[in-house]
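Subject: The structure we talked about

Hello,

Here is the structure I promised to pass on. Please open it beside this email, and then read on for what I found in it.

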Amino acid sequence: MKRRLVWTVLATAAVTASAATVDGAPSQPPRAPKVLVVTASTAEAQPWIAALGLTQSVPVAGSYPKDPVVHCNADDVCLLTTGVGKANAAASVAAAVFGGAFDLSHTYFLVASLAAIDPAKGTLGSIAWASRVVDGAIAWEVDARSLPSGWTTGYLGIDATSPTDVPLGLFGTETYTLSPTLAGKAAGLSKVASLADDGGAKTCRAGYASGPATAAPSVVQCDALTTDTAWQGALLGAHATAWMALVTGTQDTYCARQAQDNAVMAALSRGASAGLVDSTRIAVVHGASSFDRPPAGQSAFEAVTSCGAAGVPSATGNLAQAGKAVVDAIVSDWTHWQGGVPQ
Amino acid sequence: MRTCAFVLASALSLAVAGCGSSSGGASSSAQSGDAGVARAVKVMIVNMSTFEGPPFRSALGLDESVPVTGLTRGDPNVHCNADDVCEVTTGMGYANAATSMTVLLSSPAFDLRHTYFIIAGIAGIDAAQGTLGTAAWARYAVDIGIASEIDAREMPAGWPYGYFGTGATAPQQAPTTTYGTEVFQLDESFLQAALALSKNAKLDDSSQAVATRAHYTSAPANQPPQVTQCDVASADTWIAGTALEQRARDWTKLMTKGAGTFCMSAQEDNATLEVLTRGAAAGAVDMHRVALLRSASDFAAPYPGQSDSACLLGSLNSGGLGISTSNLAHAAQPVIQVIVSRWSQWASGVPKM
C-alpha cells in the first residue's frame, strides 16, 4: 500500500490518536464539507463555533499552531482558523486544500474576517460582501515626504513609472474576482440576520457628520483590499480607494481593508487549478471593526488610538450571524446547492 | 505505477497531472516514486522568481523535472539531479511563497526530514552593509509589513516615518499584538558553516553595477561584492528611500532586541519560514537545516544627490539584477557541494566546522 510520507503520515497518526473526537478513520474517504468557513483569528472563530455547533475537531498537519484543527458539525459545516496576515493565511488554507484530509471539490467557502471600513461605504458592525479582492501591498513604496512632482502617494506598482500606471500584476496574486452570483445571493440571504450594535461603536460613529458611517450597521456589497500593513488616515484611505480603481478599472468599489484575502485566494486558486476546489463557490465577507480613515477634524493617529478597535465586538458577532444565514440556507437546501449556486 | 501526488485527487480521479510521469526529456522517474518511495532530498534550493532558478539548474545539472500539483503555473516542477539536490520556485510574494512551500511539504514525492534548505533570492541592499551583487547569509528574517502605517505627511509631529507597531503608539515601541510570523532566527551552526564555506566564492560583477556603485561614497557600497552576513527584512511592499530604509534598520533592531542588522529587503522569507516552522512542528522538516541567502539586485536607498524615487525607479536597471541571480548560485554552490560530497558527515546534522 502506498503511503504518503512526511505530513500525511503524521496527520494520520494524529487522527488515530484522537479518534474519539474525530469522524472517520484513516481508511475512510476524506470528509466532504458542504461549507468551510475560513476565518483569521481565534477570537473571530469563536462566535462561528458557538453559532454553528462546531464541536468536532479534525487535526490538519501544517495548520495554524494556535488552532491546529478544523472544527466541524454533523451537517458537514466546518471552520478553519488561518491566523492573521498573509503568511499565516496562505499556509493554513494550502494545508487544508493540499493535505488530503478533506474533499473540498464541492465545498462552499465563506472567507470571513474583520476589516477596516471606508466611512463612505459602511459603519462599525457592518457586513460587506466582496466581488473582488485586490492586493494593496504588492507595490513599490517611497516615503510620502519625498514624492516627485505630480505624485499624490508614495505607493506605485512594481516596475511602474508613477502611481497612476496600472500595476502589472507580476506576482499573479494581485487580483481575484469572485462569483458575482454567489456574492449577490449571500448578501441577500444575510440581510435577514439581526446585526448587533453597541455603545462603543455608536460613540465612534457619532464623530462622522453624514453618510453610511453614521447609520446603523447593515449588509452591503463592496470590494476588499489586502495588506499586512494596516493603513490609517485620510491619505492612505484615499490611496486605497484609488488603488482598487486603478487595478480593477472600476471606480469607487473599495470599502474594506484587511490582511488575508489575497493569500487565502492564492491557495484556493491553486487548489482550483488542481481540481481540488470549485472557484465559483467562494464568497468573501468582512465585518467592519474600525474605520479606515478619520472624520473631518481628527488626525489619523487620534482615530486609531480612540476608535481603532471600537467595532470589534459587534463586527465579530455580526459576521457569524450574517454568515450563519448563508450556511443555513446552503445546508438546509443542499439538493439545490450541491450542483452549484441555485438561480 | 506512480504514486499519485494527492490521496484526495486520486480518489476523485482529478489532478491527472499530479499522478502522471513527467514528460520532460531528461526526466528519470526512478527516484520520484515508481516504488512509492519518497525521494530523500539532500539539499532543496528555494527560489522565488523564475529568473533565480536557471543559474542553479545549470550550475548543478538539475535536469530532472518532478511535477508537483499545486506549484505555480510559471514553474510547476521541482528540478533535481542524481545527487538528490533539488530546486523549487515558489513564485513571488508572501501568498505564493506560503502556498508553494505548503504544497511542497504536502507532496508525497519528497522526504524532506533530513533535507538542507537554502532559501535563495534577490533583494534590495542597505548601502551601509553591502553593494550590488553582495551575497548575505541571514541570521534573522524580520517582517516589516505587519504593522500600522500613517502617510508620513499626516503622521504625528516628531515621528521619523509613518510606520508603527500593531497596538503601539509610537514607531519606537514594540507591537502589542503579534501574529507569530514576525521574526525567525536561522540556525547558527548552519549559518556559520555556510558562511565559512562560501566566503571565498568568486562573485560576478558587471560594468553597469560598477558604474552605479561608483556614485556611493564609502565602502562597502562602492567596493566589489563579497559574501557576508546580515539580515533580511520581509514585506510584500518593496520599500525604498532613506526614510523607509531607516525604518527597516530600526524595526530589525527592535524586533531582534538589538541582535539583528538589516541589509536585505525582500518579499517572501517570513512566509517561507512560517511554513517550514510548521513543517518542523509536524516532524516533516528540520529547522536546524534551513539557511537564508539573499543577493543584492539594487540599492534600497539613494546615493548622495539622488532622490528616493529616482533610486526606486532605476532599481531594476542598476546593473545588479543579473549578477545578483548568478551570485546566489555562486555563494550557495560550495555549501551544496560539501553537503553532498560529505553526506556521511552531514546526514545527521551540521558537522562541527
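Let's start where the two chains meet: the contact draws on 73 residues of chain B and 68 residues of chain A. Please keep in mind that this is a predicted model.

On the side of chain B that touches chain A, the elements giving two or more residues are α1 (7–12), α4 (93–106), β10 (147–150), β15 (237–240), α7 (242–255), α8 (269–281) and α9 (308–313) of chain B. Which of them gives the largest share? That is α4(B), with ten residues. Sorted by class, this side of chain B holds 39 nonpolar, 24 polar and ten charged residues.

Next, look at the strands. As a reminder, strands of a sheet pair through backbone hydrogen bonds, either parallel or antiparallel.

One open sheet has three strands in the order β9(A)-β8(A)-β15(B), and its pairing is mixed. Its edge strands are β9 (155–156) of chain A and β15 of chain B, each of which pairs on one side only. Where do the chains join in this sheet? Strand β8 (residues 139–142) of chain A runs parallel to β15(B), and four bridges link them. You can find the join by looking for A:Trp140, whose bridge partner in β15(B) is B:Trp238.

β13(A) and β10(B) run parallel and are joined by four bridges. Within that pair, A:Gln232 has B:Ile150 of β10(B) as its bridge partner.

**A covered strand in chain B**

Now move to strand β2 (residues 43–47) of chain B. Is this strand mostly covered or mostly open? It is mostly covered, as five of its five residues are buried. In a regular strand the side chains alternate between the two faces of the sheet. You can follow this along β2(B): B:Val43, B:Ile45 and B:Asn47 point one way, B:Met44 and B:Val46 point the other way, and all are buried.

Which strands does β2(B) pair with? One is strand β5 (residues 85–89) of chain B, which pairs with β2(B) in the parallel sense over five bridges. In that pairing, B:Ile45 stands opposite B:Glu87 of β5(B). Another is strand β7 (residues 116–125) of chain B, also paired in the parallel sense, over four bridges. There, B:Met44 has B:Phe117 of β7(B) as its bridge partner.

B:Val85 lies in strand β5 of chain B. Why does B:Val85 count as buried? It has 24 other C-beta atoms within 10 Å, and the cut-off for a buried residue is 20 or more. Leaving out residues up to four places away in sequence, B:Val85 touches B:Lys42, B:Val43, B:Leu60, B:Leu62, B:Cys80, B:Ile336 and B:Val340. B:Val85 and B:Gly61 are 24 residues apart in sequence, with 9.2 Å from C-alpha to C-alpha.

In chain B, helix α3 (residues 53–60) packs against helix α10 (residues 321–341) at an angle of about 40 degrees, with the axes 8 Å apart. The two helices are therefore oblique to each other, and their crossing is right-handed. From α3(B), the residues in contact are B:Pro55, B:Phe56, B:Ala59 and B:Leu60, which meet B:Thr325, B:Ser326, B:Leu328, B:Ala329, B:Gln333 and B:Ile336 of α10(B). By class, this contact has seven nonpolar, three polar and no charged residues.

In chain A, the axes of helix α3 (residues 86–98) and helix α7 (residues 261–273) come within 7 Å and cross at roughly 25 degrees. That makes α3(A) roughly parallel to α7(A), and this crossing is right-handed. The residues making the contact include A:Ala89, A:Val93 and A:Val97 of α3(A), along with A:Val264, A:Ala267 and A:Leu268 of α7(A). The contact divides into ten nonpolar, one polar and one charged residues.

Enjoy exploring it!

Best wishes

Terms used: Residues numbered from 1 in each chain as written. Chains lettered and ligands numbered in written order. Predicted model: local features only at pLDDT ≥ 70, side-chain atom pairs only at ≥ 80, totals over all residues. Contact = placed C-beta atoms within 7 Å. Nonpolar A, V, L, I, M, F, W, Y, C, P; charged D, E, K, R; others polar. Pairing = 2+ DSSP bridges. Buried ≥ 20, exposed ≤ 12 C-beta atoms within 10 Å, placed from the backbone. Axes fitted to C-alpha atoms, helices over the stretch in contact; angles between N-to-C directions. Parallel < 35°, antiparallel > 145°, perpendicular 65-115°, else oblique. Left-handed = near helix turned anticlockwise from the far one by under 90°.
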